[in-house]
Amino acid sequence: MNSNDQTWDKDEADALIERMKLAEDHVFRSEENIARLCSVIANRTSWIMQSMYGERFGLTVLGWRILAILGSQAPLPAKTIAEMVATDQVTISRAIDQLSIKKLIRRRVDPSDRRRQLIRLSDRGVEAYRQIIPLFIAAEDALLSPLSASEAAELRRLLTIVTKRAEARLSENTPWQEVLTEFGSPAKNAD
């Protein structure tokens, strides 16, 4: 790795991968993988939600996520929304354009920085938000129904910690080599 610019050449990356390879008898349990578990929960929740908000408001999953954020934290610039959704700004800009076409949001120039726009829900967006939130709450209650109130609170607390860690250590600009070097375990010799 070049310490001046934090870049890795192919040979260094290949050597790192070789050093971190797992033993042949290691079994990776994808069904227990946290990223997969969170993805399944998000996808299944999105399927039930989109069957309602897609039909009623023509929203995509990303469109709903933006509306949900703006429903409680507006006005916001697109960059902040992109960070909150963990999606690139180009994708967020396209989604915001679609929400604007559907008249679900309003944009105005940020008085503190005239180069950017602040986004908030329009009256129609507020109405959509108010119609969708009860389904969102019901879907979340369905997910948490096997847990006691204290278990659900503990799950939220733990997921908040993990989410903040993901925001801090797994950004789109974090080199995979850095994560593997810092958190990976060197392969154990079979000898």
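I started with Tyr53, which is buried at a relative accessible area of 0% (buried is under 20%, exposed over 50% and partly exposed in between, with a 1.4 Å probe and protein chains only). This is a predicted model, where local features need pLDDT of at least 70 and side-chain atom pairs count only at pLDDT 80 or more, while totals for chains, interfaces and linings use all residues. Residues are numbered from 1 along each chain as its sequence is written, and side-chain values use heavy atoms, with hydrogens and water left out.

**Entry: aromatic rings**

How many aromatic pairs does a search of the whole structure find? I got three, where rings of Phe, Tyr and Trp (its six-membered ring) pair if their centres lie within 6.5 Å; planes under 30 degrees apart are stacked, over 60 edge-to-face, and the rest tilted. Tyr53 and Trp64 are stacked, because their planes are at 25 degrees, with ring centres 5.9 Å apart. Tyr53 sits in helix H2 (34–57) and Trp64 in helix H3, so this pair ties together parts eleven residues apart in sequence.

Phe136 lies in helix H6 (123–144), so its pair with Trp64 in H3 links parts 72 residues apart in sequence. Phe136 itself is partly exposed, at 30% relative accessibility. I logged one aromatic cluster formed by Tyr53, Trp64, Tyr129 and Phe136.

**Entry: helix H4**

Which residues of H4 (78–85) are buried? I listed Ala78, Ile81, Ala82 and Val85. After H4 comes Ala86, with a positive phi near 60 degrees.

**Entry: H1 and H8**

I then checked helix H1 (10–20) against helix H8 (176–183): they pack at about 35 degrees, axes 11 Å apart (axes are lines fitted to C-alpha atoms over the stretch in contact, and angles run from 0 to 180 degrees between N-to-C directions). Ala13, Leu16, Ile17 and Met20 of H1 meet Trp176, Gln177, Leu180 and Thr181 of H8, contact being heavy atoms within 4.5 Å.

Notes:
Helices (H or I, at least four residues) and strands (E, at least two) are DSSP runs, numbered from the N terminus.
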